[in-house]
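The sequence and the structure are shown first.

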Amino acid sequence: MIEKEDLAGVLQHACRNGDFAEIYMEKSAQNRISMEAGKIERVISGRDQGAGIRVVKGDNTAYGYTTDLSKGALLKLAGQVAVGVSGETGDVNRAGGAGDTGIAGLNSKSAANTEGEAGAGSAAIVAGERAAVPAAAATPGGAPATGVADPAATPGAAAPTPIVLQQRESPVCLPIEQRPDQVAIEEKVALVKEAEQAARSKDEQLIRQVSVGYADVIQQVAIANSDGVYVEDERVRTRMVVQVVASDG
C-alpha cells in the first residue's frame, strides 16, 4: 500500500473534474486444500492485489481499476477516471501490455475491461449514470492527518483545497488465537487428513464417501475518499468443511 500523503495526492488528482472521489485498495493471500476419496486433490496458494477509483460529478460517475498499486500507476488511473467523468472522451478500448487502460464514455452503458487481456498491471474505466455518493464514515480519530494539493493543477490558477486524510479506527476488535499465515502448509494438509480419518473412523462400513475442504484468506484493505476519510482493515478468515455420505445399512 502507498503512503497516506501519496494517496491524498491520487485522490486530489482524481477529483479535479469531479465532486467526490474514493479509492479502495486490497492485498490478499489465500490457501485452499481439498481431499476426496482418501487423497489430497488440490493444494493452492495465491496472492492478489488491486485498486479501484471512483469519481462522482453531479449525477454521473466513472470508475476504474488496476492491479498495479504503485503511486505512478494510481496517479495515471486517477487522471483517466477524472477525464472519463467529465465526458471529455468517447468510447475507447485499448488492449496490450501491462498498464493499458480501457475507457467507456459517459453515455455508454458498456464497461471496458482489459484486465483479462492485458495481464498484471492492466486497468479498466467504466462510466455510468446516477451514482450515489457514499456516506462518510463515523467519528474521526487516530493517526495525524495528511494532505496534498493536486499535482496536475494549472499554473497560475487558485490552488485547490488540499485533501486531508484522517484515519478512523473501528471500535470492533476480533482477537485471533493463531493466524493462518503462522501455520505451515504442511500442517494444514495434515489437519485435513486428520479430519478425513476422524470422519471415516465413526463407522467404516456405513460411510461411503468423505470430502474435506480447507481455506484461509488474509485481506489487507485501505479505503480513502476526498472527504478526508481514511480507514484500514485486516480481514482474517479460516474455514474447514467436512462432508460425509453414508449408506442406510
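## Salt bridges

A salt bridge is here a side-chain nitrogen of Lys or Arg within 4 Å of a carboxyl oxygen of Asp or Glu. The model is a predicted one, in which local features need pLDDT of at least 70, side-chain atom pairs count only at pLDDT 80 or more, and totals for chains, interfaces and linings use all residues. Residues are numbered from 1 along each chain as its sequence is written, and side-chain values use heavy atoms, with hydrogens and water left out.

The whole structure holds 7 salt bridges. In one of them, glutamate 234 pairs with arginine 179 through their side chains at 2.9 Å, N to O. This pair links distant parts of the chain, 55 residues apart: glutamate 234 lies in strand 10 (residues 229–246), and arginine 179 in the loop between strand 8 (163–167) and helix 4 (185–200). Helices (H or I, at least four residues) and strands (E, at least two) are DSSP runs, numbered from the N terminus. Arginine 179 also forms a salt bridge with aspartate 181, at 3.1 Å, N to O.

Accessibility is classed as buried (under 20% relative accessible area), exposed (over 50%) or partly exposed (in between), with a 1.4 Å probe and protein chains only. Glutamate 234 is partly exposed at 36%, and aspartate 181 is partly exposed at 48%.

Within helix 4, glutamate 196 and arginine 200 are 4 residues apart, about one helical turn. Their closest N and O atoms are 2.4 Å apart in a salt bridge. Glutamate 196 is buried, with a relative accessible area of 4%. Elsewhere, shared partners join Arg179, Asp181 and Glu234 into one salt-bridge network.

Serine 28 belongs to strand 1 (residues 20–36) and is buried at 8% relative accessibility. Beyond its neighbours within four places in sequence, serine 28 is in contact (heavy atoms within 4.5 Å) with Gly46, Arg47, Asp48, Val217, Ile218 and Gln219.

## Second largest pocket

The second largest pocket has a volume of about 350 Å³. Of its 20 lining residues, the closest to the centre are Ser28, Ala29, Gln30, Arg47 and Ile218. A pocket is an open set of points on a 1 Å grid over the protein atoms alone, where a 1.4 Å probe fits, with protein on both sides within 12 Å along at least five of seven lines; lining residues have an atom within 4 Å of a point. Grid points are joined across faces, edges and corners, and the volume is the space filled by probe spheres set on the points.

Strand 1, strand 2 (39–57), helix 4 and strand 9 (207–225) each supply at least two lining residues.
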